[in-house]
Amino acid sequence: MLMKKLSLATLALTALTAHSFASAQAYTGATIGRSEQAINCSFATTCDSKSNNFKVFGGYNIDKNFSVELTYFSLGSASYSFPASVSAFSAVATPGAMVTSKVKQSGLSLAAIYKLEFNETFGGFAKLGIANVKEERTFYIPGAANPDSSSSFNKALVGLGLTYKLAPDWTLRAEVEKLDSGRKATNFNLGAQYNF
């Protein structure tokens, strides 16, 4: 249901963007950074919850202070390993084996953004929205079949950011975002946006 709504929102945003090219209301951009996924590593022998991330986005400025933004993002992969003997895999794994698992998250988000201009160059923004996140889990179990699974979650999205105007059409942005509910994640990103 949410994917349908996000698809409709994408179409609506695309239509608004196409309509507003001449009036400098639309923008697009991309960022890269680091993500940290909330993984329970209390039983793990090795655990790496951080990975590189990226996102691409398009937005529409409703007025000077408010905009709406649609984003595709990838949070990268977190990984961990643990002895098969402490898990449900103990009956099927090779004795003494270690189980290795990776968790990859990606998805779409739709957010409302409130912006403030501190001066002609610097600005800031706050973000509130919803994200549909696809989580893919892979396991490597020596001596056993390797089960893979995937599921989707709806998550609340909040964020804060700073902007620096390089030119009338180009803006640098830095931001931190938190995806709440389900498997939580925190993202730090740097990138740029082009204002039509």
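These are my notebook entries on a predicted model of a single chain.

**Entry 1: ground rules**

I number residues from 1 along the chain as its sequence is written, and my side-chain values use heavy atoms, with hydrogens and water left out.

**Entry 2: confidence**

I looked up pLDDT, the predictor's confidence in each residue, from 0 to 100. The chain mean is 83, and 78% of the residues reach 70 or more. For me a contact means heavy atoms within 4.5 Å.

**Entry 3: the overall build**

I listed 1 helix and 9 strands, in the order α-β-β-β-β-β-β-β-β-β along the sequence. These are DSSP runs numbered from the N terminus, with helices being H or I of at least four residues and strands E of at least two. Of the contacts with a separation of 6 or more, 62% link residues 24 or more positions apart. I also noted that 40% of the 196 residues are buried; buried means under 20% relative accessible area, exposed over 50%, and partly exposed in between (1.4 Å probe, protein chains only). The chain exposes about 10600 Å², with 63% of that from carbon and sulfur atoms. Those areas come from the Shrake-Rupley method with a 1.4 Å probe; for residues, only the protein chains shown count as cover.

**Entry 4: strand 4 and its partners**

I count two strands as paired if DSSP finds at least two bridges between them. How many bridges join strand 4 to strand 5 (residues 98–117)? I found 16, and the two run antiparallel; here Y80 has S101 in strand 5 as its bridge partner. Strand 3 (residues 50–61) is also antiparallel to strand 4, through 8 bridges, with K55 partnered by F73. Strands 3 and 4 make a hairpin with 4 residues between them. Strand 2 (residues 46–48) joins strand 4 (residues 66–83) by 3 bridges, again antiparallel, and T46 stands opposite S81.

**Entry 5: N187**

Next I picked N187, in strand 9 (residues 185–195). Is N187 buried or exposed? I call N187 buried because its relative accessible area is 3%. Leaving out residues up to four places away in sequence, N187 touches R34, S35, N53, L75, E175, V176, E177 and L179. With S35, N187 makes a side-chain polar contact of 2.8 Å. A polar contact is a pair of N or O atoms within 3.5 Å; within protein, one must be able to donate a hydrogen and the other to accept it, and residues adjacent in sequence count only if both atoms are side-chain atoms. E36 is 151 residues from N187 in sequence, yet their C-alpha atoms are 6.6 Å apart.

**Entry 6: aromatic rings**

I searched the whole structure and found 6 aromatic pairs. One of them, Y194 with F196, is edge-to-face, at 5.2 Å centre to centre and 85 degrees between the planes. Rings of Phe, Tyr and Trp (its six-membered ring) pair if their centres lie within 6.5 Å; planes under 30 degrees apart count as stacked, over 60 as edge-to-face and the rest as tilted. Y194 is partly exposed at 27% relative accessible area, and F196 is partly exposed at 29%. I also logged W170, Y194 and F196 as one aromatic cluster.

Technical notes: Predicted model: local features only at pLDDT ≥ 70, side-chain atom pairs only at ≥ 80, totals over all residues.
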